[in-house]
Amino acid sequence: MKTRGLMSLLVIGGLVLALLLPSSAPAQQKPIKIGGTLAITGPLADNAAWVKRGYEYWAEKTNKSGGLLGRPVELVIYDDEGKPDKAVQLLEKAITVDKVDLLLGGYAGSSVAAQMPVAERYGMVYVSQGGHMASFSQGFKYSFSATPMMGEWLSVSFFDFLETLPAKDRPKTAAFIRLNNPIGRAGVTGERKGAEKLGIKIVLEEFYDTPLTSADALISKCKERNAELLYCTQFFPDAVLTVRAAKALGYNPKFFQQSIAATSPAWVKTLGPDANYAYQGVIMTNSLPTPGIKELNQVAKERWGEPAAPEYFLFGYSWVETLQRGVEGAKSLKQDAVRDYLRNNEISIIAGKFKFDDKGLPPPYSYVVQVIKGKTEVVYPAAKATTKPVYPKPPWGK
């Protein structure tokens with residue numbers, strides 16, 4: 001009887017103690033829901049898959065380290081198929097039906113540009129790639145991007161790179177092939193000015209509607225006009241068609257710039273040696289010497305067999321990490337508090353340290369990379385370069 005009584009007292013005492021002591025396990029608390037949309041299916045699915053992995057790895061890491069504000073995080077990600085109207089509809093669903101606490105940035109740029117006004121209307125912080133400068137010039141107070149996909153910056157960087165080359169080695173003529181959408185039009189002014197500044201004659205400018213079923217006609221025009229620089233702003237499937245058409249038709253430009261597709265892991269996997277020597281302007285690269293980048297390079301290698309972290313994996317991680325900095329800095333999920341913290345403080349993320357302007361952007365910056373021996377190398381600016389550029393472009397497959 002005495003033993004039973006003692007055991008009862010111990011059990012009761014343990015229960016009372018458990019009730020009195022605060023729990024340190026985030027999993028026992030209500031999760032913080034973070035929601036948004038991505039083009040999980042459709043022509044943009046390859047890049048979107050890596051953005052999603054970036055979000056998911058961030059959530060996994062955050063939960064393992066105690067959660068956000070001491071609570072676990074839970075992601076709600078819908079497939080908008082790369083359609084802006086569907087992206088808007090599903091983001092509103094995440095806000096009004098799922099009652100998410102925080103928003104994830106979308107992909108691609110056209111969907112993001114459509115979602116930014118939605119975030120503004122609901123007064124929710126929205127960290128994303130943006131929809132180029134036009135989307136950041138509308139007076140939005142809740143939109144930010146430390147690593148924006150800024151066509152206006154990227155087009156300038158490539159011509160700045162060309163300017164560092166001896167004048168005799170620069171292209172004399174250029175052909176521009178662009179998507180007929182906001183992404184394709186974002187860099188037009190900078191590209192034209194860049195060519196004019198260097199005395200490069202524009203012999204062709206073509207805008208086309210997706211999907212592109214064949215690039216033969218476009219490439220034939222480039223070859224006929226002897227365009228030494230082929231500058232393309234295309235989604236991945238169209239870019240692959242363009243390379244294959246150029247090879248089949250015997251057109252080998254001295255410089256080949258692909259504004260979107262060349263940093264995708266699928267670029268080298270799909271095209272093999274023909275993927276080499278393409279240039280691309282980027283805001284993010286896996287060769288930045290920061291501890292966070294090194295960690296993500298290792299994760300990509302161990303989990304997916306990639307030689308280094310794909311660009312869009314880094315993008316996804318950096319966008320949600322920026323949101324994390326705002327929440328932790330504000331010590332709150334209140335949207336105005338998070339917004340105000342990001343507006344008034346410098347943040348540190350995997351890409352570096354940033355201070356936002358009144359548009360929600362950091363000071364302009366970008367890098368130029370080139371695919372060399374199947375690897376994406378930084379070739380500009382010189383201070384960040386991992387190797388020297390290869391020019392003029394060797395024949396396809398070399």
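I started with Phe-255, which counts as buried because its relative accessibility is 0%. My cut-offs: buried is under 20% relative accessible area, exposed is over 50%, and partly exposed is in between (1.4 Å probe, protein chains only).

**Ground rules.** This is a predicted model, so I noted that local features need pLDDT of at least 70, side-chain atom pairs count only at pLDDT 80 or more, and totals for chains, interfaces and linings use all residues. Residues are numbered from 1 along each chain as its sequence is written, and side-chain values use heavy atoms, with hydrogens and water left out.

**Confidence.** I looked up pLDDT, the predictor's confidence in each residue, from 0 to 100. The chain's mean is 92, and 93% of its residues reach 70 or more. Where does pLDDT stay under 50? That is residues 6–27, for which the model has 8 contacts beyond four places in sequence. A contact here is heavy atoms within 4.5 Å.

**Whole chain.** I found 14 helices and 14 strands. Both are DSSP runs numbered from the N terminus: helices are H or I with at least four residues, strands are E with at least two. The C-alpha atoms fill a box of roughly 100 × 40 × 40 Å, taken along the principal axes. Of the 398 residues, 54% count as buried. For contacts between residues at least 6 apart in sequence, 68% join residues at least 24 apart.

**The sheet.** I traced an open sheet of 7 strands with mixed pairing, in the order β7-β6-β8-β9-β10-β13-β14. Two strands pair if DSSP finds at least two bridges between them. Which strands are at the edges? They are β7 (201–208) and β14 (375–380), and each pairs on one side only. From one strand to the next, the twist averages 25°. Angles run from 0 to 180 degrees between N-to-C directions, and axes are lines fitted to C-alpha atoms, for helices over the stretch in contact.

I then zoomed in on β8 (residues 229–233) and β9 (residues 255–258), which pair in the parallel sense over 4 bridges. Leu-230 stands opposite Phe-256 in β9. Helix α6 (residues 151–163) packs on the sheet, and its direction makes about 165° with that of β8. Helix α9 (residues 216–224) lies across β6, β7 and β8, at about 175° to β7.

**Rings.** I counted aromatic pairs by this rule: rings of Phe, Tyr and Trp (its six-membered ring) pair if their centres lie within 6.5 Å; planes under 30 degrees apart are stacked, over 60 edge-to-face, the rest tilted. The count comes to 23. Phe-255 and Tyr-391 have ring centres 6.0 Å apart and planes at 20°, so this pair is stacked. Phe-255 is in β9 and Tyr-391 in the segment after β14, so the pair ties together parts that are 136 residues apart in sequence. Is Tyr-391 buried or partly exposed? It counts as partly exposed because its relative accessibility is 26%.

Tyr-365 and Tyr-367 make an edge-to-face pair, 6.2 Å centre to centre with 70° between the planes. Tyr-365 is buried at 17%, and Tyr-367 counts as buried at 9%. I also found a cluster linked by ring pairs, including Phe-158, Phe-176, Tyr-231, Phe-255 and Tyr-391.

**Charges over rings.** The test is NZ of Lys or CZ of Arg within 6 Å of the ring centre and within 35 degrees of the ring normal. Arg-53 lies over the face of Trp-50, at 4.3 Å from the ring centre. Lys-393 lies over Trp-396, at 3.4 Å from the ring centre.
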